[in-house]
Amino acid sequence: MAISVSKKKAKINKRVEHKESFFFSSFLAKLRFRIPSIVIILTLIFLWSSSTTIISGKVVHVCISSRKLNDLYCISAGTEPNIDTAVSPLNGTSHSVFVDQKDTASKESSPSDTRIAIVDENSTLIDTISNVVDVSLQKSSPLDIPIPRVNDSVTSNDTTSNVVDVSSPLDIPIPRVNDSSTSIDTISNVVDVSLQKSSPLDIPISRVNDGVTIIPSVKQESTITVDSFSGNKNVSFRNSMVKSGDEELMIAYNDVEDQLQVHRSWAATSKNNATCDGRGIYVYDLPTKFNKDLVAQCADINPWVNLCKYFSNDAMGEPIQNLGKGWYQTHQYSLELIFHSRVLNHPCRVHNADEAKLFYVPFYGGLDILRWHFKNVSNDVKDSLGVELVRWLESQKHWFQKSGNDHVFALGKISWDFRRYSNTIWGSRFLELDEMQNPVKLLIERQPWQVNDIGIPHPTYFHPQSDNDIIAWQDRTIKSNRKSLVSFAGAARPDAPENIRSILINQCTSANDQECRFLNCNLGKCDQPESIIELFMESEFCLQPPGDSPTRKSVFDSLISGCIPVIFDPFTAYYQYSWHLPEDHKKYSVFIDQEDVRRMKVNVVERLMQIPTKERENMRSYIIYELLPGLVYGDPKSKLEKYQDAFSITINNLFQRLNKLEL
């Protein structure tokens with residue numbers, strides 16, 4: 001049988017030899033008969049498993065990942081003439097690319113086979129990839145922060161947010177965000193980063209251009225060395241943060257700081273509150289289910305704490321007599337209620353929406369999240385109120401006049417709580433909705449790669465009614481007897497071994513009380529504001545390591561107490577509050593890299609002992625007299641004339657932002 005086949009093949013080859021045009025076909029035929037069928041099948045399977053075909057509008061994209069080169073190659077072909085296409089690897093050159101992530105399990109079982117993608121979910125022809133699972137290179141995060149994901153809203157709005165998630169040595173996920181706000185030309189380029197130096201995906205750092213096309217183009221960034229920014233007075237943080245040679249990390253940090261420069265460009269140069277001409281604020285009268293009904297559930301939101309007492313006195317809580325006038329038992333999640341009360345009392349509030357320039361939406365999204373956390377409900381239930389709110393806003397004519405850019409939300413929890421990761425149960429997806437990309441979101445912790453997320457201070461216990469209340473507290477704070485060099489109020493994180501809190505506690509407790517005092521919050525000692533404020537008032541420095549997320553309310557408690565915060569992660573403060581804290585962080589804080597602490601390269605107490613007394617006094621004076629008034633939220637009935645509080649600074653900057661966008 002084999003001989004017969006061989007002869008037949010030879011006969012065919014003789015015929016073909018006389019026809020030169022069929023030589024190549026004959027060669028393939030001979031090769032085909034000599035390769036086992038199973039090899040051909042396996043080859044086809046391999047090619048299919050390592051490639052992705054996506055039809056988007058008038059363009060067909062075929063992407064093939066190379067296991068050997070750890071690169072993704074994409075071929076784009078137009079279905080009509082004169083459509084630009086490209087073939088390019090992800091190696092730092094310009095490219096247009098979709099990436100398909102087949103299975104999150106692959107990142108654990110075979111990292112080198114994982115394929116990352118930026119996918120526009122509005123591609124209606126490929127339903128199977130309308131929702132893309134995000135990739136996190138970090139298998140576990142000590143901060144336990146949900147990784148943001150591609151916006152897979154059920155809406156069909158054309159504005160989308162394309163996200164590729166990667167993780168950071170700072171133990172916080174660094175997402176790739178394609179901001180859909182088309183009216184902000186100054187931020188059309190948003191960073192795409194991978195902070196891990198030895199990434200299994202080996203994807204270079206590049207910048208994503210937020211264009212109008214479905215597939216964002218990525219342009220190459222020139223290589224930057226640490227010395228590139230030496231002598232730059234406008235970027236004081238860059239030089240002191242990134243260690244020599246860590247170019248990828250520095251590029252990532254620089255891109256975040258570039259975005260913060262956009263925020264600072266929106267800052268008002270003066271109080272701008274002398275007149276309300278052209279500065280009308282309209283407060284939507286929402287159905288009560290979006291705010292008041294949520295407050296009415298205060299007794300049941302948390303099974304261990306009745307929050308109702310904290311929401312009294314316009315959400316300032318019950319007065320604290322021992323600390324003096326203007327001090328209250330304010331809960332850390334009261335921002336939504338406090339901000340709402342202040343807006344209702346703002347002198348520029350208008351009751352006719354046609355007279356407004358700024359539109360405030362009093363949605364208590366943080367309370368909406370809290371009420372479901374301890375209940376066994378589906379994610380659809382958790383998302384339902386936010387989706388309902390968006391539908392309600394779409395029935396209002398002013399929602400569309402500037403594509404939502406003139407609308408603002410104040411949300412009393414961290415941004416991650418509103419950007420639920422697809423495989424988790426915590427939080428909602430409210431800020432992932434397409435319609436929520438253009439409005440400004442005021443948050444106690446912003447998502448560093450969302451330009452319309454603005455970080456504003458956590459509410460503290462101090463709510464002055466007048467300039468004299470602030471002056472009296474400044475005088476008391478500057479004269480306070482600082483008995484201890486260092487203090488730390490907090491608790492260890494035994495379930496997060498990468499967290500540095502246990503190391504700091506050991507270093508603190510190993511010293512005497514004059515050097516370091518530790519207030520153990522696990523023992524309930526932090527439940528009383530008096531204990532915390534007293535500790536900070538008697539300390540030169542206050543340790544502020546990350547906890548469940550990078551930011552801490554304690555940072556602001558320490559600042560208003562004149563205690564110099566010691567920061568270990570730039571996302572705790574430096575990359576958050578660009579409207580309320582200066583760019584030069586050395587004026588008000590000390591930075592110690594948490595990696596040095598984790599690797600036992602530094603004893604924090606000993607490091608702080610080396611800071612001269614004069615330098616401490618200068619920092620404290622700056623904190624108390626320059627920063628303190630702008631870090632507190634005044635009483636809703638406050639009449640501040642000399643000072644701007646945190647609320648006034650925020651409102652004035654929101655107006656300035658709109659002015660800049662209209663230029």
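Select Glu498. This residue is partly exposed, with a relative accessible area of 37%. Buried means under 20%, exposed means over 50%, and partly exposed lies in between (1.4 Å probe, protein chains only). This is a predicted model: local features need pLDDT of at least 70, side-chain atom pairs count only at pLDDT 80 or more, and totals for chains, interfaces and linings use all residues. Residues are numbered from 1 along each chain as its sequence is written, and side-chain values use heavy atoms, with hydrogens and water left out.

**Salt bridges**

Helices (H or I, at least four residues) and strands (E, at least two) are DSSP runs, numbered from the N terminus. Arg598 counts as buried, at 16% relative accessibility.

With Glu498 and Arg598, they are linked in a network of salt bridges. Stay in helix H17 (residues 594-598) and pick Asp596. Asp596 is buried, at 17% relative accessible area. Show Phe568 too: its C-alpha is 9.4 Å from that of Asp596, and the two are 28 residues apart in sequence.

Next, select Arg517 and Glu538. Their closest N and O atoms are 2.8 Å apart in a salt bridge. Arg517 sits in strand E18 (residues 516-520), while Glu538 sits in the loop between helix H15 (529-537) and strand E19 (539-544). Is Glu538 buried or exposed? Glu538 counts as buried, at 14%, whereas Arg517 is partly exposed, at 25%.

Then try Asp475 and Lys479, a salt bridge of 3.3 Å, N to O. Lys479 counts as exposed, at 61% relative accessibility. Asp475 is partly exposed, at 37%. The whole structure holds 24 salt bridges.

**Aromatic rings**

Rings of Phe, Tyr and Trp (its six-membered ring) pair if their centres lie within 6.5 Å; planes under 30 degrees apart count as stacked, over 60 as edge-to-face and the rest as tilted. By this rule there are 21 aromatic pairs. Select Tyr284 and Trp392. Their ring centres are 5.8 Å apart and their planes stand at 85°, so the pair is edge-to-face. Tyr284 lies in the loop between strand E11 (281-283) and helix H7 (292-295) and Trp392 in helix H12 (residues 379-393), so the pair ties together parts 108 residues apart in sequence. Tyr284 is buried, at 5%; Trp392 is partly exposed, at 21%.

Move to Phe339 and Phe647. This aromatic pair is also edge-to-face, 4.9 Å centre to centre with 65° between the planes. Phe339 lies in helix H10 (residues 335-344) and Phe647 in helix H20 (residues 646-662), so the pair ties together parts 308 residues apart in sequence. Both are buried.

For a group, select Tyr253, Trp449, Phe571 and Tyr575, which form one aromatic cluster.

**Charges over rings**

Zoom in on Lys553, over the face of Tyr461 at 3.7 Å from the ring centre. Then find Lys413: its charged end sits over the ring of Tyr333, 4.5 Å from the centre. A charge sits over a ring if NZ of Lys or CZ of Arg is within 6 Å of the ring centre and within 35 degrees of the ring normal.

Technical notes
Salt bridge = Lys/Arg side-chain N within 4 Å of Asp/Glu carboxyl O.
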